[in-house]
Amino acid sequence: MKETLINFENVSKTYGDFKALSDIDISIKNGEFVFVVGHSGAGKSTLIKLLIREESPTEGRILFEETDLNDIPYKDLSLLRRKIGVVFQDFRLLESRTVYENVAIALEVTDTDEKEIKQVVPNVLNMVGLSEKSNVYPKNLSGGEKQRVSIARALAHEPLVLVLDEPTGMIDPDAADEVLKILEKINSLGTTILMTTHNEQLVDRLKKRVIRLEIGKLISDKKSGGYRA
C-alpha cells in the first residue's frame, strides 16, 4: 500500500464566473484523520464532490492511489467508490427498510454474495454500536443513530478512506460526540478519515490535522488542532 493515498495538485473548480476552489494543493497519507474546516461557501463540499468524481476539476488533477481520477472510465467509477465511503449530513436512509437492510443494500447493488452480506452487516453495525437496532426502521431512530447507520453503510465495502460531509450538522452535541468516538475507533483500525465541518469545538477536542478553506482558497494546513473560524 502506498504511503500517500490522496493528492490534490493545483486543483481549481469554477462554475461559470464563480471560482469554488482555487489552486488547491493537499496531500493525505494512509491512516490520517483530517478535518476540512471553513464557513459555508468555503469550498468544503466541492472538495468532496471532486474526490468522489461527482465533479471534475477545471484545472489541476486529483490522484487517488497515484491514479488520476480523470483517467478512470465512467464504467469503472463504481470500483473507485467502493474504496471511498461517503457519509452525508442528511443521512440518506431508505425509510421503508430496516437498519440492517439500509446497510445491506450497499452490498446488494454490487452483487455481493448473500453469505458475505450476512457476515459483513452485523460486523459494521457492531462497530457503530447499533447491533440491537438491526430490525428497527429509520423513523424510530434518533438523529445520531441515523448517522451511525450511514457510517455503517459507508463501511460495508471496507473503504480505504471514509469521507464525511458535515456529519454532525443535524444531530445534537451528545450524538456528535458519539459519532466522533466511532470515527476515532475506525481510524485506529487503519481507515483514513476526511471530515468537513464548521464545528470548532469538535475539531479542537480531537487535535487532529486541520485544513482550512476560505472562499475556495487553502488558508492553512495545521498538523494538530487549533481551529478558529
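**Helices, sheets and ring contacts in the predicted chain**

The model described here is predicted.

Strands of a sheet pair through backbone hydrogen bonds, either parallel or antiparallel.

Both senses of pairing occur around β9. Strand β3 (residues 33-37) is joined to β9 by 4 bridges, and the two run parallel. Within this pairing, Phe 35 stands opposite Val 210 in β9. On the other hand, β9 and strand β10 (residues 217-222) run antiparallel and are joined by 5 bridges. Ile 211 has Asp 221 in β10 as its bridge partner, and Leu 213 has Leu 218, also in β10. The hairpin of β9 and β10 has 2 residues between the strands, and in this hairpin Ile 215 takes a positive phi near 50 degrees. Of the 6 residues of strand β9 (residues 209-214), 5 are buried, so the strand is largely enclosed by the rest of the structure.

The chain has 1 aromatic pair. Phe 33 and Phe 35 form this pair, which is tilted, with 5.2 Å from centre to centre and 50 degrees between the planes. Phe 33 counts as buried because its relative accessible area of 4% is under 20%. Phe 35 is likewise buried, at 0% relative accessibility. A separate ring contact involves Arg 92, which lies over the face of Phe 88 at 3.7 Å from the ring centre.

A further open sheet consists of 4 strands in the order β2-β1-β4-β5, with antiparallel pairing. Strands β2 (18-29) and β5 (67-68) stand at the edges; each has a single partner strand, so one side of each is left without a neighbour in the sheet. The pairing of strand β4 (residues 59-64) with β5 is antiparallel and extends over 2 bridges. In one of these strands, β5, Thr 67 is the bridge partner of Phe 64. Helix α1 (residues 44-51) packs on this sheet as well, where it touches β1 (4-15), β2 and β4, and its direction makes about 115 degrees with that of β1.

For the chain as a whole, the secondary structure comes to 7 helices and 10 strands. The C-alpha atoms fill a box of roughly 45 × 40 × 35 Å along the principal axes. The radius of gyration is 17 Å, which agrees with the value near 17 Å that a compact globule of 229 residues would have. Of the 229 residues, 49% count as buried. Among contacts between residues at least 6 apart in sequence, 68% join residues at least 24 apart.

Conventions: Residues are numbered from 1 along each chain as its sequence is written. This is a predicted model: local features need pLDDT of at least 70, side-chain atom pairs count only at pLDDT 80 or more; totals for chains, interfaces and linings use all residues. Side-chain values use heavy atoms; hydrogens and water are left out. Rings of Phe, Tyr and Trp (its six-membered ring) pair if their centres lie within 6.5 Å; planes under 30 degrees apart count as stacked, over 60 as edge-to-face and the rest as tilted. Buried means under 20% relative accessible area, exposed over 50%, partly exposed in between (1.4 Å probe, protein chains only). A charge sits over a ring if NZ of Lys or CZ of Arg is within 6 Å of the ring centre and within 35 degrees of the ring normal. Two strands pair if DSSP finds at least two bridges between them. Contact means heavy atoms within 4.5 Å. Axes are lines fitted to C-alpha atoms, for helices over the stretch in contact, and angles run from 0 to 180 degrees between N-to-C directions. The radius of gyration is taken over C-alpha atoms; the globule rule is 2.2 Å times the number of residues to the power 0.38.
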